[in-house]
Amino acid sequence: MNCLHVLIVRFGYLKKPLSKSTANKKGRSYQTPLEHISLNMTFYRSMLIEENRIYPFQAKMEDIIKDKLMEGWKPAQENAPLAISNELLIEYLGSALMGIVIWWIKNDKPLSTEEVSSQFSKIVAYGHLRAAGIAVEE
């Protein structure tokens, strides 16, 4: 089984319910793929960072992220229309997560998988300014 297939399988866990013992349920959904990446850093560094990286791998990985995000948004779309374009939102979130993964690998995992998951979830939930503690006027 190749690492891309494993990544697909890992992202599949996003649809499974999480245990109530998980302290930060929102952050936990991003943690499983990060744990997989963390355990396979040499592979992901060579595929995403190194001089001879494979650009189609990054594009495919980002597509997988966006597909999984799109699957997660389908139920929400049925309840009420979004105030912004669904495609734009998925593109933004997928690109943001991919950028964070690349930053995390390039910088030798300066934050734990739990910290990355939690902070990314806060950015998604509250916006980047509020998540950073900057007051925003409505």
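**The loop between α5 and α6**

Modeller: D108 is located in the loop between α5 (86-106) and α6 (113-126), where helices (H or I, at least four residues) and strands (E, at least two) are DSSP runs, numbered from the N terminus. The model is predicted: local features need pLDDT of at least 70, side-chain atom pairs count only at pLDDT 80 or more, and totals for chains, interfaces and linings use all residues. Residues are numbered from 1 along each chain as its sequence is written, and side-chain values use heavy atoms, with hydrogens and water left out.

Although D108 is not a glycine, its phi is positive, at about 55 degrees. K109 lies in the loop between α5 and α6 as well, and its phi, near 55 degrees, is also positive in a residue other than glycine. Most residues other than glycine have a negative phi.

With a relative accessible area of 55%, D108 is exposed, whereas K109, at 32% relative accessibility, is partly exposed. Here buried means under 20% relative accessible area, exposed over 50%, and partly exposed in between (1.4 Å probe, protein chains only).

Another lysine, K66, is found in helix α4 (residues 55-79) and is buried, with a relative accessible area of 13%. Leaving aside neighbours within four places in sequence, K66 is in contact (heavy atoms within 4.5 Å) with I90, E91, G94 and S95.

As for the whole, the protein chain has seven helices and zero strands, and buried residues make up 31% of its 138 residues.
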